[in-house]
Amino acid sequence: MSRKFRGVAGVAVAVLALSTTACASSAPTTATSATASAPAAAGGNAPVTNGVAQVKVTLTNDGGDKCAADYTTAAAGPITFTVENISASAITEVELQSELKILGEKENLAPGLPASSFTVTLDGGRYTLYCLGATPETQAFTVTGQAAAAPSGSTATLLNSGVKEYATWVVGQAEEMQTAVTNLRTAIDSGDLAKSKTAYVNARTFYEKIESDVEGFVMPGFKVDDNKGNLDYLIDMRASNLDEKVGWSGFHAVERDLWKSGRINDATKKYAADLDANVAKLVVVVRTLTYKPEDLANGAAALLEEVQSNKITGEEEEFSHIDLSDFAANVEGSRQAFAYLQPGLEKIDAALVKNIVAQFANVDAAVSKLRDSASPGGYIPWTEQNRAKHRKALSQAVLGLQEPMQKIAEKVATAQ
Amino acid sequence: MTEESNGLPQFVAPEPASRPGSEPSGGSGSEPTRPAPSVSRRGLFAGAAGTAVAGAAVGVGVTAGVMGHQERGAASQPGASGTDTVDLTRSLPFYDQAHQAGIRTPPQRHCVYMTFNLTKDATRQSLQVLLARWSAAISQLVQGKPIGPIEPSRPDAVGTDTGEANGLAPASLTITVGLGPGVFDDRFGLESKRPALLAELPRIPSDVLQPELTGGDLSIQACADDPQVAYHAVRNLARMVTSTAQTHWVVLGFGRASAGPGQETPRNLMGFKDGTRNVSTEADYEQFVWLKDADWMTGGTYQVARKIMMTIETWDFDRTSDQQQIFGRTKHEGAPLTGQKEFDVPDFTLRADGGQHVIDQSSHIALVAPENNAGVKILRRSYNFTDGLNAQGLLDAGLLFLSYQNVPQHFVDLQNKLGRFDLLNEYIRHVGSAIFAVPPAPRSGRYIGQELFE
């Protein structure tokens, strides 16, 4: 089930020392001396060095932040854009776009940093140089002639095939959750408290991994504001979002009985039976879901938000305190969504991919310190006392991952 | 923590009702003002209001000081009819100054002070990017501009600026960046660049420092006359670097508690004037604050931050005569107990009929007075803060003590004396502490600390 996981973790070790910076993936270029203002674009095609057209983009401020290329046309083929921020404090990013699609870019630009570059291979046509924060923000860039055919599939093709594989993975997780929830129901029906607790812990992780895809799913025929038809409520409601009209339901109703009262009664059995039935409905729903690349990106970010807002705070598993097991499952779900986008994302922004992989490794390391094989779920119980001791380190590690992760949706959404 | 650095009494002039350009006079290090830039956040209102700039000086400007001055009483203040006005349209320059702003700048009303630790994955290169991006962002923020798009044109993009200062004037925002001792350890290959006197502070008597409020690799002091402008600045600087630097501790200062040049002396939460004898003359800044012949740190200084809790309720139950004995000054006027007026020179030798000193030798002002410390002065730029209520339901508040000095040992020597003998120790606890080197301001097109990487 963690096919992609191993691939990502393997890369993580190799790139741990790197971080996304303005220069990380750039050709080494020395800083040019600060010139007063950007030169006006020369006529004709950009000069070619070693078969690569060279375009220099200079960012300056002369009352407003300006972004200027020394050539605005180039012959089809590989083109290197070398970007230097001389004095434009509001410009942090330069991209080459075709319509809204990002073909290449440089981030983390600021005055004083050495020049950095990116190279793209372009066919004849009209493109846009987009300078985030400049006035004007966009300017035309023209490529003449025709480039050789692309040697491999386009970025969009890679992303879309990753998306289809992800959909299959989600269905697999839902089906495994069905099995685990049925086991939970059987254990509860037998009245065995210890066995029921173990079954609860086992079933939880599947939901937490795919939570972002099914969150708020409303069954056909129900209004959006009616929790009776909201599978996310029926399966994963908590005391804090209790809707009196519908009442306790799902995993956390079972959790409350098993841990808080420590008793299995008829109500518990009813909760478990309803949970089993609702998860069966969810499996049907999940089989119909289709995704776009940006759905995976937004989902990966949403799972991290979930970690930051509900797991580290200890709100999710109020009675069993297995929040760290949910934490690991949310992170795993986020990692899977990212991993299926990774081959395409590499083509758009390899440095960002490296950074995210490194940040995942960082989060893994932070939560691994809290492993405890003797505890249910495999991590120390997330009690008030343990939270006070460890939550800051976890929170900061997750924040470090959230920051680069927020950037991928716009990139994959606009990929060509 | 209050009082006494300056050898001579000074007449503190009231600030004029509108004070564009009312900077410390004659200083080469003073920051000239300039009109709010045309594309400022405030500028967004200009079209509708028509007279936004003039309106701000009159309409917005008069707020904070008025009530305080009436309560202090007109007779006791030199020129008390003057009001301590705030001009929210005022913008201070960032590039091409001799020193970073926020040190000599007359203290603004509010301050957010935050420290950061570099992550274990931080590299020399990511530190370089952090300082460059902070510098670029600061130059935007001090002009009242967002650091980048608030509403990105591209679908699914996250805004660069968080937007809550959109429409607010620059409010004299200054952002002062400090580099802690950790920047110069073996992680970044910067050992040879370590500022000569930068080292962790030694343990000082009476310190009850909490690890979560102590130390840090980087500091940001963001002060402004509008608290939302200061908070927005720190929030946006923190969010752009999360994978390189993590937040460590923060203090939200809500009222200045040290006078700058030309300002009336404000009060700390104990109700006493703070900073009557603060560093204020050009000569004092040159002698005690700015670093000279210090390689890349020339024009810089050292920042000491201390979070000092006050046992407020207990202090408030103390009889005023005892409070005055503890400080060595009167509460209302702020005069030394041997004088009549705030700026009378204290006479530490004067004895009462019974033979005891009129100003107790363990009083706060006696311990730190320059005449009792070989003439040493430090610049204090403190703020009052509150964290709400503590676990006992008592007021959780105190002083964010910030000092600037070219020799950190000057602070250590003074605080060693205070920690051992100060009568005030019964009512205060030093719970947080850190030291940072504050580089000079960058020239245009460069960033703070760029010399470290050249």
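Me: What makes strand 6 and strand 9 of chain A a pair in this predicted model, and in which direction do they run?

Reply: In this predicted model, strand 6 (residues 93-98) and strand 9 (residues 125-132) of chain A are joined by five bridges and run antiparallel. A pair needs at least two bridges, so the two strands count as paired. Among the facing residues, A:E95 has A:Y130 of strand 9 as its bridge partner, and A:V94 stands opposite A:C131 in strand 9 of chain A.

Me: How do you know that strand 9 of chain A also pairs with strand 10 of chain A, and what lies between them?

Reply: Strand 9 and strand 10 (residues 138-144) of chain A are joined by six bridges and run antiparallel, and with at least two bridges required, they therefore count as a pair. A:Y130, already the partner of A:E95, has A:T138 as its bridge partner in strand 10 of chain A. The two strands form a hairpin with five residues between them, and A:G133 in the turn has a positive phi of about 100°.

Me: Which peptide bond in chain A is cis, and where is A:P136 placed?

Reply: The bond joining A:T135 and A:P136 is cis, with omega of about -5°, and A:P136 is in the loop between strand 9 and strand 10 of chain A. Most peptide bonds are trans, for comparison.

Me: Why are strand 4 and strand 7 of chain A said to stand at the edges?

Reply: The sheet is open, has five strands in the order 4-10-9-6-7 of chain A, and shows mixed pairing. Strand 4 (73-75) and strand 7 (101-106) of chain A each have a single partner strand, so one side of each is left without a neighbour in the sheet. Neighbouring strands of this sheet are turned by 25° against each other on average, direction ignored.

Me: Why is A:H321 called buried, and what is its phi?

Reply: A:H321 has 23 C-beta neighbours inside 10 Å, and because the cut-off for buried is 20 or more, A:H321 counts as buried. Its place is in the loop between helix 7 (293-311) and helix 8 (323-348) of chain A, and A:H321 has a positive phi of about 60° although it is not a glycine.

Me: Why is B:D96 called exposed, and where does it lie?

Reply: B:D96 has 11 other C-beta atoms within 10 Å, and since exposed requires 12 or fewer, B:D96 is exposed. B:D96 lies in the loop between helix 3 (65-72) and strand 1 (110-118) of chain B, and its phi is near 60°, a positive value in a residue other than glycine.

Me: What makes A:D266 exposed?

Reply: A:D266, found in helix 6 (residues 266-288) of chain A, has 7 other C-beta atoms within 10 Å, and with the limit at 12 or fewer, A:D266 therefore counts as exposed.

Me: How many residues of each chain are in contact, and which helix of chain B gives the most?

Reply: The model has 31 residues of chain B in contact with 34 residues of chain A. Helix 4 (residues 124-141) of chain B gives the most to the side of chain B that touches chain A, with 10 residues. The residues of that side divide into eight nonpolar, 17 polar and six charged.

Me: What confidence values does the predictor give for the complex and for chain B?

Reply: The complex has an ipTM of 0.71 and a pTM of 0.75. Chain B averages a pLDDT of 84, with 81% of the residues scoring at least 70, while pLDDT stays under 50 over residues 1-82 of chain B.

Note on methods. Residues are numbered from 1 along each chain as its sequence is written. Chains are lettered from A and ligands numbered from 1 in the order in which they are written. This is a predicted model: local features need pLDDT of at least 70, side-chain atom pairs count only at pLDDT 80 or more; totals for chains, interfaces and linings use all residues. Two residues are in contact if their C-beta atoms, placed from the backbone, lie within 7 Å. Helices (H or I, at least four residues) and strands (E, at least two) are DSSP runs, numbered from the N terminus. Ala, Val, Leu, Ile, Met, Phe, Trp, Tyr, Cys and Pro count as nonpolar, Asp, Glu, Lys and Arg as charged, and the others, Gly among them, as polar. Axes are lines fitted to C-alpha atoms, for helices over the stretch in contact, and angles run from 0 to 180 degrees between N-to-C directions. pLDDT is the predictor's confidence in each residue, from 0 to 100.
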